[in-house]
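Me: I would like to go through this structure and ask what lies behind the terms used for it.

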Amino acid sequence: MCFHPTRNDLMSCGADGTFKRADFNTCVFDEIYASNDRGINSFSYPYNSRETFLLAFTDGHMTVLDTRESKSKNTSHLCHTKAIKCIDCHPANEYLFCTSSADATVAIWDLRRIKGMKSKLGTFQGHNRSVTSAYFSPLDGKYVLSTSWDDTVKVLEQTSSSKLEVKRNFRHFNQTNRWLSAFKATWDPRNGRGFVIGSMLANRRIQFYHVEQRTKAPLLEMFNENFTTIASTNVFHPSKNIIASGNSSGKVFVWSE
């Protein structure tokens, strides 16, 4: 789920193949897309777009959805041989987006040029297992933050030709197994260089890293006697020093100064 950056809407997608919008101005909940045979793993919205969304499917396809058009006019492209786990649009370029996949790759794409798997601008193949997430750094899109089942979190730097090169490589135990949601490292939206991820270690904690750090260990770990869960999902408040951590049994813990 994610709030739209320019509308008072909460968007959500699911393994049931639906993409829905909750409009808090009118208190109307709409199903704006549905697929009968494939689930939606992720979605994103191009920079400065109010009605266009990118949907990532379990069969390796992505769809450009314009809510002003009929479903038949939406375009779909095969981007990966296995499920797309995450899709994310560049924060300052309306045409660029990245995908991560169960095929162990991260790819950069241009909406104007996409015509299938061979049309990607750049591909990173340095992971050796499924990549659960890949997100552009939120202020400038210079870096892509990837999390993988190969027990690494990587900061990939995007070159002028849209190639992806490893800037930082952190070893991080990501084996949440099938009972828990997979870890997805999340950028701090205010500085665009720090990020947070959950941990399997006891005592339970969340861990913080930074693009420019030289050490391999976390820069900071946050503990609390009431925090006894594995936080698969973590999100920063957009303007305050607050973090919400969610687990797979429906609890949310809020951290603040």
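Reply: The centres of domain 1 and domain 2, taken over C-alpha atoms, are 21 Å apart. This is a predicted model, where local features need pLDDT of at least 70 and side-chain atom pairs count only at pLDDT 80 or more, while totals for chains, interfaces and linings use all residues. Residues are numbered from 1 along each chain as its sequence is written, and side-chain values use heavy atoms, with hydrogens and water left out.

Me: What makes domain 1 and domain 2 separate entries?

Reply: The domain assignment of the chain gives domain 1 as 1-171 and domain 2 as 176-256; such bounds come from an automatic or database domain assignment.

Me: How do you know which residues of domain 1 and domain 2 are in contact?

Reply: Contact means heavy atoms within 4.5 Å. By that rule, 22 residues of domain 1 are in contact with 24 residues of domain 2.

Me: Why is the pair Arg193 and Asp140 called a salt bridge?

Reply: The term asks for a side-chain nitrogen of Lys or Arg within 4 Å of a carboxyl oxygen of Asp or Glu. The side chains of Arg193 and Asp140 meet at 2.6 Å, N to O, so the pair is a salt bridge. Between domain 1 and domain 2 the count is two salt bridges.

Me: Why is Ser44 called buried?

Reply: Buried means under 20% relative accessible area, with exposed over 50% and partly exposed in between (1.4 Å probe, protein chains only). Ser44 has 5% relative accessibility, and therefore counts as buried.
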